[in-house]
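This briefing sets out selected features of the structure shown below.

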Amino acid sequence: MLEDTSFAIRPLEKNEEQEGFQSFGNVQNGTERKQYFSFTCERGSGKICFYRDDVVRIVLNPFGEASMSSSPAVVKTPEKVEMHVEETEKEWVLETKKLKVIVHRAPFLVSIYDQQGNALVRDAKPALFDHKGKIACFHEMTEVDHIYGLGEKTGFLNKRGGKWTMWNTDVYAPHNPETDPLYQAHPYFMVLRNGRAHGVFFDNTFKTTFDFRSNSVYSFAADGGQLDYYVFAGPHPKDVLEQYTDLTGRMPLPPKWAIGYHQSRYSYETEQEVRELANTFIEKGIPLDAIYLDIHYMDEYRVFTFDRRRFPNPKEMIGELKEAGIRVVPIVDPGVKVDAEYAIYREGVERQYFCKYIEGNVYFGEVWPGKSSFPDFINKKVRKWWGEKHSFYTDLGIEGIWNDMNEPSVFNETKTMDEQVVHDDDGKLKTHRELHNIYGLMMCEATYKGMKKLLNGKRPFLLTRSGFSGIQRYAAVWTGDNRSFWEHLELSLPMCMNLGLSGVAFCGADVGGFAHDSNGELLARWTQVGAFIPYFRNHCAIGFARQEPWAFGEQYEPIIKQYIELRYQWLPHLYSLFAEAHQTGTPVMRPLLMEYPNDERTWNISDQFMIGHNVIIAPILRPNTTHRVVYLPKGTWVDYWSGEVLEGEKYHLIEAPLEKLPIYIKQGSMIVLGEPKRSTAIPDERLTLHVYKLNEGEATYTIYDDDGLTFAYEKGEYVRQHVHAIFKADEIHLQMETEGTYRPTWKLHVAVWGANEQTKVMINGKQTSFDEKTNTFIISS
Ligand code: GLC
């Protein structure tokens, strides 16, 4: 462990980093093919392919022909794109309606522009590789560039100034600004340059690094494989997300219960404890949609088993809880206990489904069950087998699974599987060194697809710790083993915002903090944040203070309860945003720059976020603190609690006693809220469209709803209630248009904020009268 001392910073003889590297040299010839441009260099070869007018892929192979196969992150095949090629002595110019790619011959360099002439990506110097297969490229970075994305990283929102590694790692502690990598690998980033955005995805499953430390150049590099990257033209941050998630896939709509409040602990150890927990929620009237079963539910940590002493009748328990509107979500880790009498292990060995060395001997590693073997999820047959095994859970009435330890985590020096292990990629043997980063993704694919099949039309919910680009197609992501520190509450904001900017709209951090002892104030403030984060689960580690909503006494319990209830009131707005993320890739939780990319004061805001395009959340992130500064962008903003109107493009010092989470709604916009309820299992009878009036202007809003449970929405069984509002001094016109075949359970009311007695409210051209009882205008259906 010498590296933990000052030895780590001993003087080195010379810079070894770029020794032995060489470039591709000059381009020797280039050919226009049907959908792509192909070329050979003095060393290696390349291909350039447009996937759409605004998405281009660059592939360079130093050792042979550039291969157009992709990692499992990519689900799109190239669209038919008109590509215009022009050849000159110096270069080739490849153009589509949106992009212009210049291939410089001597030396080989690539520059990519949009059709307005803005440089997006330009090689600052030739790409390099070494004889071991390491590969790197270097792009120009301007002074104003801000870097976002990169998945799950510590530190502030803007990733410029750092060097980041993608190598999925189980890090129990610490999670500091310098802790890197963590559990997820997203070799993807977005550059914001003077209000215009573009994206870069490096599709390489080896260990990769992204270096944004220099002032004028950034680089990305891999330990092996091709230099294979995509550039997304933007120019709006939302366009970049649309383009990136078109390539890597989008989140299916989660079941509504998955976005309610969830309670977890490592572990609720017995059936009795779980029932008591549920009863306490019910007695106290605190809403709850799911309870998690951590590793203690299993028979000596054997996956696909229950410990029958602790849980004598899981089916009954699960059924009764479901009746009460509470789902049960068990943990399923990849490690399969070595035990010749255990069916899963036996089958895995007999069918040769476990990860092996090339010589054929199974790889064993130590995890919770002790000596364990690991299914080779890279293989299709193994995924199918594993997926089908989940009938064990679905037969008991389970609809959600929690995949953990899937980096894969192994209790040894390297924290993971031996890199020399080989995976059977449907016939091709590839080392763990190459595929480590996609092990978790493939486990989730197996689990999600298996569950989906078994649930017969119902939507499964899957939570994962590890993943790679594209993980949003299968699972929600939580940020692993954080701690009950205020710093970790603060850290969770930029971490989740950057996950959202990396295509993972459904994400969250353990509310209250996982390890270490939480306290009432921290849990209250964290629950306020959690209520507005896409994934909302309170989870806590073994051996630390309990942190259920009531754990810290009467001073805090009502506040915590109030914010869990608020979550349920806000679910219709949140669910509409989930539907938007599912359709377009725009995240539910957004950094301010996503809505205000031209306002440079938004570019570095890590401690505020937006829920949709018109709501700003500015939580308190420090103990004994009741004030903070809030930046409000262009427009005027209404304090959700007091109705006070605050001016935009200004910093405000605001007050927030413990019971207040600062929430601001943009004037001249709308949100839809429901009534507080105990569980998403209870249908909404009434939704209220809250209209924040402006004296002059227009706004649009879409309420989305469906049955919240099945895939019928894919067949048109949803409702999209489009609202177009026109604001005048003493009139509001609301034009409503409905799309889809779903008949909602609710009646829509309209509440107007900032109106007076003279204000006329016209709905679809008819003046609507005010209902004194509900303080709203009721829309008759
Ligand atoms: C890992 C997970 C944590 C879980 C624990 C026991 O540390 O990150 O959430 O509670 O394992 O399963």
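Which residues surround the ligand? They are Tyr266, Asp294, Ile295, Ile331, Trp368, Trp402, Asp404, Arg465, Trp478, Asp481, Phe514 and His539, where a residue counts as near a molecule if one of its heavy atoms lies within 4 Å of it. The model is predicted, with local features requiring pLDDT of at least 70 and side-chain atom pairs counted only at pLDDT 80 or more, while totals for chains, interfaces and linings use all residues. Residues are numbered from 1 along each chain as its sequence is written, and side-chain values use heavy atoms, with hydrogens and water left out.

**Ligand surroundings**

- An N or O atom in the side chain of Asp294 is 2.5 Å from an oxygen atom of the ligand (a polar contact is a pair of N or O atoms within 3.5 Å; within protein, one must be able to donate a hydrogen and the other to accept it, and residues adjacent in sequence count only if both atoms are side-chain atoms).
- For Arg465, an N or O atom of the side chain lies 2.8 Å from a ligand oxygen atom.
- For Asp404, the distance from a polar side-chain atom to an oxygen atom of the ligand is 3.1 Å.
- On its own the ligand has 310 Å² of accessible area, of which the protein covers 97% (areas come from the Shrake-Rupley method with a 1.4 Å probe; for residues, only the protein chains shown count as cover).

**Eight-stranded sheet**

- Eight strands form an open sheet with antiparallel pairing, in the order E2-E3-E4-E5-E19-E16-E15-E12; strands (E, at least two residues) and helices (H or I, at least four) are DSSP runs numbered from the N terminus, and two strands pair if DSSP finds at least two bridges between them.
- The edges are E2 and strand E12 (146–149), each with a single partner strand, so one side of each has no neighbour in the sheet.
- From one strand to the next, the twist averages 20° (axes are lines fitted to C-alpha atoms, for helices over the stretch in contact, and angles run from 0 to 180 degrees between N-to-C directions).
- Strand E2 (residues 27–32) runs antiparallel to strand E3 (residues 36–41), with five bridges joining them; Asn29 is opposite Thr40 in E3, and a hairpin of three residues connects E2 to E3.
- E3 also pairs in the antiparallel sense with strand E4 (residues 45–52), again over five bridges, and Phe37 is opposite Ile48 in E4.
- Three residues lie between E3 and E4 in their hairpin, and Gly44 in the turn has a positive phi of about 80°.
- Seven bridges link E4 to strand E5 (residues 55–61) in the antiparallel sense, with Ser45 opposite Asn61 in E5.

- Strand E48 (residues 760–763) pairs with E49 in the antiparallel sense over two bridges, and Ile763 has Lys766 in E49 as its bridge partner.

**Backbone features in loops**

- Ala106 and Pro107 are joined by a cis peptide bond with omega of about 0°; Pro107 is in the loop between strand E8 (99–104) and strand E9 (109–114).
- Another cis peptide bond joins Ala173 and Pro174, with omega of about -10°; Pro174 is in the loop between strand E13 (163–166) and strand E14 (184–185).
- Lys415, a residue other than glycine, has a positive phi near 70° and is in the loop between strand E26 (400–403) and strand E27 (422–425).

**Domains listed in UniProt**

- An unreviewed UniProt entry places "domain: Glycoside hydrolase family 31 N-terminal" at residues 47–211 (positions are in the numbering used here, feature names are shortened, and annotations may be inferred rather than shown by experiment); this span is 0% helix and 47% strand, and its end C-alpha atoms lie 25 Å apart.
- The unreviewed entry gives residues 585–671 for "domain: Glycosyl hydrolase family 31 C-terminal"; these residues are 5% helix and 39% strand, with end C-alpha atoms 20 Å apart.
- Residues 687–744 are listed in the unreviewed UniProt entry for "domain: DUF5110"; over them the chain is 0% helix and 62% strand, and the end C-alpha atoms are 10 Å apart.
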